[in-house]
Amino acid sequence: MRRVVRQSKFRHVFGQAVKNDQCYDDIRVSRVTWDSSFCAVNPRFVAIIIEASGGGAFLVLPLHKTGRIDKSYPTVCGHTGPVLDIDWCPHNDQVIASGSEDCTVMVWQIPENGLTLSLTEPVVILEGHSKRVGIVAWHPTARNVLLSAGCDNTIIIWNVGTGEALLNLGDIHSDMIYNVSWNRNGSLICTASKDKKVRVIDPRKQEIVAEKEKAHEGARPMRAIFLADGNVFTTGFSRMSERQLALWNPKNMEEPIALHEMDTSNGVLLPFYDPDTSIIYLCGKGDSSIRYFEITDESPYVHYLNTFSSKEPQRGMGYMPKRGLDVNKCEIARFFKLHERKCEPIIMTVPRKSDLFQDDLYPDTAGPEAALEAEEWFEGRNADPLLISLKHGYIPGKNRDLKVVKKNILDSKPTTNKKCDLISVPKKTADTASVQNEAKLDEILKEIKSIKDTICNQDERISKLEQQMAKIAA
């Protein structure tokens, strides 16, 4: 019997590295032994963690600044220890967060046209971890909500707009957290940990919704990410040190929906997921290839598509959001591959003959507008990302500056229960805001009343004067 090949519009996706003059050269990429991607990209900038003496630093380059990067090029260098992770804010292309070995998280505002001087002053410093901070991840739909996870096995969720911790999930993990991923609307997070457990957590209730022990039997680091349909995708190692990928349903984590073994390489697989096309790209640290798979509802659920191979191994990888791609060239993904001394963009394309906009490749995608404010999310509201069409390409709008309004600590009375205090914070702000609003409303109503009274008096006066005029005229 002839085997029927599965139909898929992504079967012929191919990767292509750009020409040398479009790479970013002469960059000393960080040598820190930490399994993060070391690179973060958005439609304006590429940020790369670099080697720095006397502290931690990362480069922020405008996308068009290709070629050789001068050694004296300004950096973002406020941390006192090496930077371990960076993440661009999805709602403001000029705001980036960084986590470091110095136990702090810093949030930076990058000037519109890039750096002209080194940046040492962050917009806000978030202090709360007792050990190095290896993970930072912005909330996908709520403005100014940032998650950080450290080697103190604690996850803290911050309101960057006020510079304070909203939630402290310190009792959930007993061992080091390898990665954290938000779901599509930011109501849940999933984590992979050194104790070989994958957990699905409701951060606002501070409880575990689902958990799987020994999701992968091997001792090497795992990764877990949420897919658009709510399932969880994991990468890890078998007991025989073979690399595995698996798909789980959080409602029943007894058995995986799918489990595939790949090879015996020892590099940790970093998954990058595109919710619009349901494609997962796996980039192994130290590999020289990117494998990609399509996730569907039919068995075997995770379908291997192809592999992009190159000669050089990758130190890290940046992944461009959908709105930063060239829709006229049928580009469905763009990676920024870190070598030892350079960053090389790799473009993934679906071959099509037509020059017209391909609706099937570009469904509406998450735009840069936040669907919720931090306080709304914290009070229990959820919202899906606000979608935009890429039909005429994405034109970046003007970003508003990130302003941090710190509350007066002296106003709030100390309470004995720290958890209660953390949870009641947004309520207080909401109460004070409503009191202020009521006072303003009263003022306005009083003013309107006095204006009305004045008008009535003037009317009476005018009518009297008119009567007098009439008498004189008679």
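**Group meeting: a walk through one predicted chain**

Let's start with one residue. N159 lies in strand β14, which covers residues 155–159. Keep in mind that this is a predicted model. Is N159 buried or exposed? N159 counts as buried because its relative accessibility is 5%, and the cut-off for buried is under 20%. What does N159 touch, once residues up to four places away in sequence are set aside? The list is N144, E164, L166, A374 and E375.

Now step back to the whole chain. The protein chain has 474 residues, and 51% of them count as buried. How many helices and strands are there? There are two helices and 32 strands. Along the principal axes, the C-alpha atoms fill a box of roughly 115 × 60 × 55 Å.

Next, contacts across the sequence.

Then the surface and the charges. The accessible surface of the chain is about 24000 Å². Carbon and sulfur atoms hold 50% of that surface. The chain carries 61 positive and 63 negative side chains. How far apart are the centres of the two sets? They lie 3 Å apart.

Back to single residues. Look at S30. S30 sits in the loop between β2 (24–25) and β3 (39–41). S30 is in a loop, and S30 counts as buried, because its relative accessibility is 1%. Beyond residues up to four places away, S30 touches F38, I49, I50, E51 and R315.

A333 is next. A333 belongs to strand β29, residues 331–338. Why does A333 count as buried? The reason is its relative accessibility of 0%. Leaving aside neighbours within four places in sequence, A333 is in contact with Y281, Y319, L325, I346, I347 and M348. A333 and I279 are 54 residues apart in sequence, and their C-alpha atoms are 9.7 Å apart in space.

Now a pair with a longer gap in the numbering. N185 lies in the loop between β16 (177–182) and β17 (189–193). N185 is buried, because its relative accessible area is 17%. Which residues does N185 contact, apart from neighbours within four places in sequence? They are H139, P140, T141, N382, A383 and D384. P385 comes in here too. N185 and P385 are 200 residues apart along the chain, yet 6.5 Å separates their C-alpha atoms.

On to the backbone. Most residues other than glycine have a negative phi, and most peptide bonds are trans.

N153 is not a glycine, but has a positive phi of about 60 degrees. N153 is in the loop between β13 (145–150) and β14. That is the strand we began with: N159 lies in β14. N153 counts as buried because its relative accessibility is 17%.

Where is S241 found? S241 is in the loop between β21 (232–237) and β22 (243–248). S241 counts as partly exposed, because its relative accessibility is 42%.

S299 and P300 are joined by a cis peptide bond, with omega about 0 degrees. P300 is in the loop between β26 (289–295) and β27 (302–309).

Last stop, helix α2. What makes up the nonpolar one? L441, I444, L445 and I448 do, and the patch is about 380 Å². I448 lies in helix α2, residues 418–473. I448 counts as partly exposed because its relative accessibility is 41%.

The other patch is one of negative charge on the surface. E438, D442, E443 and E447 gather there. E438 is in helix α2. Is E438 buried or exposed? E438 is exposed, because its relative accessible area is 53%, and exposed means over 50%.

So much for the tour. N159 is buried at 5%, whereas I448 is partly exposed at 41%. Have a look at both on the model.

Key
Residues are numbered from 1 along each chain as its sequence is written. This is a predicted model: local features need pLDDT of at least 70, side-chain atom pairs count only at pLDDT 80 or more; totals for chains, interfaces and linings use all residues. Side-chain values use heavy atoms; hydrogens and water are left out. Helices (H or I, at least four residues) and strands (E, at least two) are DSSP runs, numbered from the N terminus. Buried means under 20% relative accessible area, exposed over 50%, partly exposed in between (1.4 Å probe, protein chains only). Contact means heavy atoms within 4.5 Å. Accessible areas come from the Shrake-Rupley method with a 1.4 Å probe; for residues, only the protein chains shown count as cover. Lys and Arg count as positive and Asp and Glu as negative; His and the chain ends are not counted. The place of a charge is taken as NZ of Lys, CZ of Arg, CG of Asp or CD of Glu. Patches are made of residues with over 30% relative accessible area and no salt bridge: like charges are joined within 9 Å, nonpolar side chains (Val, Leu, Ile, Met, Phe, Trp, Tyr) within 5 Å. A salt bridge is a side-chain nitrogen of Lys or Arg within 4 Å of a carboxyl oxygen of Asp or Glu.
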